[in-house]
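Hi,

Here is the structure we talked about.

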Amino acid sequence: MIIAPSLLAADIGKLAAEVKRVNRSGADWLHLDVMDGHFVPNLSLGPDVVRALRPLCKLFFDVHLMCSKPEVLLEPFARAGADQITVHVELGSRVTPLLWKIRSLGCKVGLAINPPTTASHLEPFLRQVDLLLLMTVNPGFGGQSFIHEMLTKIQQVRAWRDAKRLSYRIEVDGGVNFETAADCAHAGADTFVSGTALFGRRNLAAAVQRMRRLVTAGAARVAARRAHVAR
Ligand code: DX5
Ligand code: ZN
């Protein structure tokens with residue numbers, strides 16, 4: 001189980017201090033949302049910000065590109081210290097070369113999908129990715145409500161992973177709080193991006209620990225259900 005606080009919800013006026021806070025919180029990854037004002041109606045951060053934050057934090061940098069032209073950004077983000085770069089399946093025929101490029105830069109490869117896009121669009125890429133990122137809100141802004149219909153998408157990509165014996169991570173992003181994280185774990189997710197629910201707490205370490213406990217319990221319920229079905 002991976003807990004990945006999303007920097008979008010941090011106090012931007014104190015970015016360095018916030019990143020240090022995540023570093024000692026017990027979280028596994030730092031999720032960095034990159035928005036271009038075109039693919040989504042908002043702007044966030046660029047490679048220079050990632051480069052400046054890199055020495056402050058030993059966590060895995062999980063860079064989520066919500067951008068129309070990720071081609072021009074892959075190398076700058078890899079050089080700035082990204083450990084994984086995720087692009088969106090909505091980019092269509094450009095996805096395959098993008099995934100190859102990310103791999104060639106030495107980063108882990110992620111593929112994201114927006115809520116209105118059907119899961120079948122992911123199927124051709126399952127063997128090429130380390131992670132599938134399922135958006136559980138429409139991307140662009142933190143603090144939105146989780147879209148419950150996305151639970152079936154989680155179940156679908158988990159069923160593919162089990163049936164095809166693949167090992168990609170299943171990450172959920174958007175509206176993930178203490179309640180919805182457990183539902184996502186129960187549906188088969190194993191990687192949890194959470195902004196508002198974690199950064200809103202004064203004690204980030206306690207919040208991370210609480211979310212970890214809840215998702216571990218959710219996953220245990222899945223394992224118990226499987227064992228029951230197998231009997
Ligand atoms: C939304 C971003 C998310 C966002 C999640 O476009 O991709 O990573 O930061 O924030 P919360 O947890 O507040 O929904
Ligand atoms: Zn994100």
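L59 is buried, because its relative accessible area is 7% and buried means under 20% (exposed is over 50%, partly exposed in between; 1.4 Å probe, protein chains only). This is a predicted model, where local features need pLDDT of at least 70, side-chain atom pairs count only at pLDDT 80 or more, and totals for chains, interfaces and linings use all residues. Residues are numbered from 1 along each chain as written, chains are lettered from A and ligands numbered from 1 in the order written, and side-chain values use heavy atoms, with hydrogens and water left out.

Beyond its neighbours within four places in sequence, L59 touches V22, N23, A27, D28, W29, L30, R54 and D83 (contact is heavy atoms within 4.5 Å). Its C-alpha sits 9.7 Å from that of V19, 40 residues away along the chain.

Now the metal. Which residues hold the zinc ion (ligand 2)? The protein donors are H31 (NE2), D33 (OD), H64 (ND1) and D173 (OD), 2.0 to 2.3 Å from the zinc; donors are N, O and S atoms within 2.8 Å of the metal (3.2 Å for Na, K and Ca), and with water not among the atoms, sites may look incomplete. Their spacing along the chain is H-x1-D-x30-H-x108-D.

Both H64 and D173 are buried. The side chain of D173 also makes a polar contact with that of H31, at 3.1 Å (N or O atoms within 3.5 Å; within protein, one able to donate a hydrogen and the other to accept it, and residues adjacent in sequence count only if both atoms are side-chain atoms).

Cheers
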